[in-house]
Amino acid sequence: MLPVELYRGDEALRNDREKVLRRAWQFVGHVSQMPAVGDYLADVVGGAPVVVVRKADGELAAFHNVCRHRAGALVADGVGNCGEVFTCRYHGWKYALDGRLRSAVDFGALPGFDPRQYGLFPIRVESWRGLVFVNADLNAAPLAELMAPLGGRWAEGQAEFPLVETRQHSIRCNWKAYVENYLEGYHIRMVHPEFDGDVVVAEYRTEIEGEVIFAHAPMRDASVYGGLWAWLWPNLAVNVYRHGYMIERMTAIGPAETRLDYFYFFDPAYTDELAPMFELSDLVTAQDLQVCEEVQRNLEAGVYSGGVLSPKHEQGVAWFQDRIAAGLGLPQPPRLAAVG
């Protein structure tokens with residue numbers, strides 16, 4: 001188990017953001033949200049504000065959402081259009097969509113000031129089947145390497161399904177506590193009894209391939225929630241259903257606060273299935289919220305010092321904890337806590 005201190009406090013959050021989340025591919029949205037020149041997506045990734053924009057040549061570019069003058073924001077968070085240039089919301093400096101400083105508006109003459117040295121800070125951006133990811137590590141391996149295991153199991157035709165709805169939930173727990181809950185089916189019988197009506201919970205199992213953890217359970221005849229469940233390092237789930245899929249992003253907002261962003265893509269011919277899917281999804285989320293917040297409360301209390309992972313059900317949790325430890329430069333965590 002990982003040390004309890006890694007699930008609480010500002011220092012733990014800062015280390016997670018700097019050493020794990022900002023060094024990995026992070027999902028920000030879909031290409032359909034940026035169809036025209038100047039269309040952008042702005043969000044906060046690993047605690048760092050970023051913006052992805054559609055350039056005049058049709059390609060995407062991504063930058064830290066930070067003006068080089070005095071750290072103003074270029075655009076507001078969310079989806080929008082900035083026209084042909086970024087214009088800082090603080091003092092009006094203008095940047096081309098490729099990041100070059102075009103105009104330090106009304107700045108005045110300053111000996112030695114070279115606008116070519118004050119372009120926007122770039123970040124990596126790549127897309128896969130229309131899904132847009134960014135990475136603050138300019139030397140990161142290609143996104144395709146991360147997605148390869150998923151690509152081998154997910155029908156490519158579903159990439160054409162439109163984005164039909166987004167939802168957001170807030171959970172008062174550390175992001176790692178929520179991820180660990182997602183990565184095991186051990187809790188399903190206790191926490192999600194309704195789930196057994198949708199899939200055969202007794203046959204739930206996990207499998208690790210590359211940096212993707214797959215969960216499997218046979219679907220019941222009337223299942224609307226069952227299918228292919230995949231979790232991608234370090235904080236993204238892709239839940240594939242019969243006629244659509246849902247992207248679930250798990251964002252660390254604070255030491256004990258996690259935001260879940262759900263993006264639903266669905267076949268327009270089967271929109272009648274959305275209502276029961278949303279109903280079960282909301283129920284499962286509410287149930288996970290309760291147990292994860294209870295876990296966080298107990299982690300904060302200072303009584304629990306570490307437990308033991310099930311070799312039958314929690315292989316995914318063990319893999320995740322090993323990766324977190326490696327990212328933070330810590331020893332591999334023991335599977336069995338010392339008792340005494």
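This report looks at a sheet, a helix and some aromatic rings in a predicted model.

## About the model

Residues are numbered from 1 along each chain as its sequence is written, and side-chain values use heavy atoms, without hydrogens or water. Because the model is predicted, local features need pLDDT of at least 70 and side-chain atom pairs pLDDT 80 or more, while totals for chains, interfaces and linings use all residues.

## The sheet and its helix

Let's start with seven strands that make an open, antiparallel sheet, ordered β11-β17-β16-β15-β14-β13-β12. Strands here are DSSP runs of E with at least two residues, and helices are runs of H or I with at least four, numbered from the N terminus; two strands pair if DSSP finds at least two bridges between them. β11 (163–171) and β12 (205–209) each have a single partner strand, so one side of each lacks a neighbour in the sheet.

β11 pairs with β17 (residues 257–266) over eight antiparallel bridges. Within this pairing, Ser170 has Arg259 of β17 as its bridge partner.

Helix α2 (residues 143–151) packs on the sheet and touches β12, β13 (212–216), β14 (228–232) and β15 (236–240) (contact: heavy atoms within 4.5 Å).

## The aromatic rings

Rings of Phe, Tyr and Trp (its six-membered ring) pair if their centres lie within 6.5 Å; planes under 30 degrees apart are stacked, over 60 edge-to-face, and the rest tilted. That rule gives 19 aromatic pairs. One of them is edge-to-face: Trp231 and Trp233, 6.4 Å between centres with 80° between planes. Trp175, Trp231, Trp233, Trp319 and Phe320 form one aromatic cluster.

Key:
Axes fitted to C-alpha atoms, helices over the stretch in contact; angles between N-to-C directions.
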